[in-house]
Amino acid sequence: MKLAQQLGADLYITGVVQKVSNLILNVNVYLHDAQSGRLVTAASVDMRGNTDESWSRATRYLLRERLLAPNYGAPQAR
């Protein structure tokens, strides 16, 4: 958070990778407000295989379909 504030960023991202088995990994990313440290949104994806291609596909999915998707994490009207 301090580094994001020093750089003048509005947001910062952190993440965790969990190795479930030799084949399955789980990537969790957390988007925070740089001023308050408050969690803005979180996203997760499971991936099969520990290859450059599987990492690229998983991170592309997280960015496009979750973190950068319009209104992701916003409450939905019922």
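## Pairing of β1 and β2

In this predicted model, strand β1 (residues 11-19) runs antiparallel to strand β2 (residues 24-33), and 9 bridges join the two. The strands form a hairpin, with 4 residues lying between β1 and β2.

Two positions show how the strands line up. Val16 stands opposite Asn28 in β2, while Gln18 has Asn26 of β2 as its bridge partner.

## Pairing of β2 and β3

On β2 there is also a pairing with strand β3 (residues 39-48), antiparallel and made over 9 bridges. Asp46 in β3 is the residue opposite Asn26.

The hairpin of β2 and β3 has 5 residues between the strands. In this hairpin Gly37 adopts a positive phi near 80°.

## Burial of β2

Strand β2, which pairs with β1 and with β3, is largely enclosed by the rest of the structure, because 7 of its 10 residues are buried. Buried here means under 20% relative accessible area.

How values were computed. Residues are numbered from 1 along each chain as its sequence is written. This is a predicted model: local features need pLDDT of at least 70, side-chain atom pairs count only at pLDDT 80 or more; totals for chains, interfaces and linings use all residues. Side-chain values use heavy atoms; hydrogens and water are left out. Two strands pair if DSSP finds at least two bridges between them. Buried means under 20% relative accessible area, exposed over 50%, partly exposed in between (1.4 Å probe, protein chains only).
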